[in-house]
Amino acid sequence: MKLTGVELRRVAMPLVAPFRTSFGVEHARDVLLVRAVTADAEGWGECVAMSAPLYSSEHVDGAAEVIRRFLVPGVAALPSAQAHEVEPIFETIKGHPMAKAALQTALLDAQLRGAGTSFGSYFGAVRETVPAGVSVGIMNSVPELLDAVAGYLDAGYLRIKLKIEPGWDVEPVRAVRERFGDILLQVDANTAYTLADARHLARLDPFDLLLVEQPLPEDDIRGHAELAKHMRTPICLDESITSARAAADAIALGATTVVNVKPGRVGGYLEARRVHDVCAANGIPVWCGGMLETGIGRAANVALAALPNFTLPGDTSASDRYYAADITEPFVLVDGHVAVPDGPGIGVTPDPDRLTEATTSVEWIPLT
Ligand code: SMG
Ligand code: MG
């Protein structure tokens, strides 16, 4: 599979409501889409880097620069550019997993569209629909939070995740538990605490949460292992899990007993599959994280979430939780589940009119 050229397209996607986390407020995504063109097919990938390096060290302008300046020239030098064939070249470039994931996904989509194989069947999906959770941002007040959660439960979401930070943790969790009873409930701190908060975090234990996600800094694996000794709520790492090796280490050290899998964070779907496998081999359940993806990124995530060890509902919500008008056919919630696309590749394609409407810039990188 020889690559002909790569398009980098920026798309402005306003969110239906601001999404506040411990690291900031998102009002819109500035999405970088990668289109890989080969002689036989073309494929799409979505870069999940945010506008600013607040969730992780990457940001969208930097990712575009890495793709154009280092990744595409690396791929251009290869005789064939199937997804697994670019991995050794990508490994020589340090970091930038979200940039790598976006390009590799576009290549894999082109490859699988050419072969008439869906992402789901390529990776070994075992279900046709996946249970959907929803991630609920930090709100201005508890009543506002309860209204938001009520709306999501009415819509059919099977699991609620509350974003927390110091000053917005025990009280909102208590309020949601008291009001909605025995729902599947978990929290995500996005690194907002330190080990010195261990006793405070243990105050979440009485609420029978499924897990607490990434309470401590990304590089504090030992801290998470120590924290696990001081609280009953299972710890689930997100930001810290940057590869299958990192997952194996965190598990071996007792820092995580559940893992959030995000393909962008680990450099692509092949590595995400390896994270899944390492966790499965260790009896560690996984679930699919989200980065406010458009339908392009969501399609591939939903296929990944259909693998056997994805046993908890993911942050794979329906399109209307994020966008009034997505750039693909929307993913919809049916009985709390979203359907795994079964067409070739990621199984969805941008709507040409919506894409044009949302596009803010296009760059074509020819391969000579
Ligand atoms: O896609 O539903 C989604 C967002 C899920 O909470 C979510 N993602 O740390 O897990 C996480 C955050 C990272 C993105 S926040 C802008
Ligand atoms: Mg998280």
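Mentor: Helices (H or I, at least four residues) and strands (E, at least two) are DSSP runs, numbered from the N terminus. The model before us is predicted, with local features needing pLDDT of at least 70 and side-chain atom pairs pLDDT 80 or more, while totals for chains, interfaces and linings use all residues. Residues are numbered from 1 along each chain as its sequence is written, chains are lettered from A and ligands numbered from 1 in the order in which they are written, and side-chain values use heavy atoms, without hydrogens and water.

Trainee: Which residues coordinate the magnesium ion (ligand 2)?

Mentor: Donors are N, O and S atoms within 2.8 Å of the metal (3.2 Å for Na, K and Ca), and since water is not among the atoms, a site may look incomplete. The donor residues here follow the spacing D-x24-E-x24-D in sequence. At 2.1 to 2.3 Å from the ion, the coordinating residues are Asp188 (OD), Glu213 (OE) and Asp238 (OD).

Trainee: How many residues apart in sequence are the parts that Asp188 and Asp238 tie together?

Mentor: Asp188 belongs to strand β7 (residues 184-188), whereas Asp238 sits in the loop between β9 (235-237) and α9 (244-252). The pair therefore ties together parts whose separation in sequence is 50 residues.

Trainee: Which residue in β8 stands opposite Asp188?

Mentor: Two strands pair if DSSP finds at least two bridges between them, and β7 and β8 pair in the parallel sense over two bridges. These strands belong to an open sheet of seven with parallel pairing, in the order β5-β6-β7-β8-β9-β10-β11, whose edge strands β5 (133-136) and β11 (286-288) each pair on one side only. In β8, the residue opposite Asp188 is Glu213.

Trainee: Over how many bridges do β1 and strand β2 (residues 24-38) pair?

Mentor: β1 and β2 form a hairpin with two residues between them, and Thr21 has Gly24 in β2 as its bridge partner. The pairing is antiparallel, and the number of its bridges is 14.

Trainee: Which helix gives the most to the lining of the largest pocket?

Mentor: On a 1 Å grid over the protein atoms alone, a pocket is an open set of points where a 1.4 Å probe fits, with protein on both sides within 12 Å along at least five of seven lines, and lining residues have an atom within 4 Å of a point. This pocket holds about 680 Å³ of space, and of its 27 lining residues the closest to its centre are Lys100, Thr242, Ser243, Val266 and Gly267. At least two residues of the lining come from each of α2 (83-91), α3 (97-115), α9, α10 (263-266) and α11 (269-281). With four residues, the helix that gives the most is α3.

Trainee: What is the relative accessibility of Gln214?

Mentor: Most residues other than glycine have a negative phi. Gln214, however, has a positive phi of about 40 degrees, and it lies in the loop between β8 and α8 (221-228). Gln214 counts as buried, with a relative accessibility of 0%.

Trainee: What is the relative accessible area of Asp208?

Mentor: Asp208 is in the loop between α7 (198-201) and β8 (212-213), and its phi is also positive, near 50 degrees. Asp208 is exposed, and its relative accessible area is 56%.

Terms used. Grid points are joined across faces, edges and corners, and a volume is the space filled by probe spheres set on the points. Buried means under 20% relative accessible area, exposed over 50%, partly exposed in between (1.4 Å probe, protein chains only).
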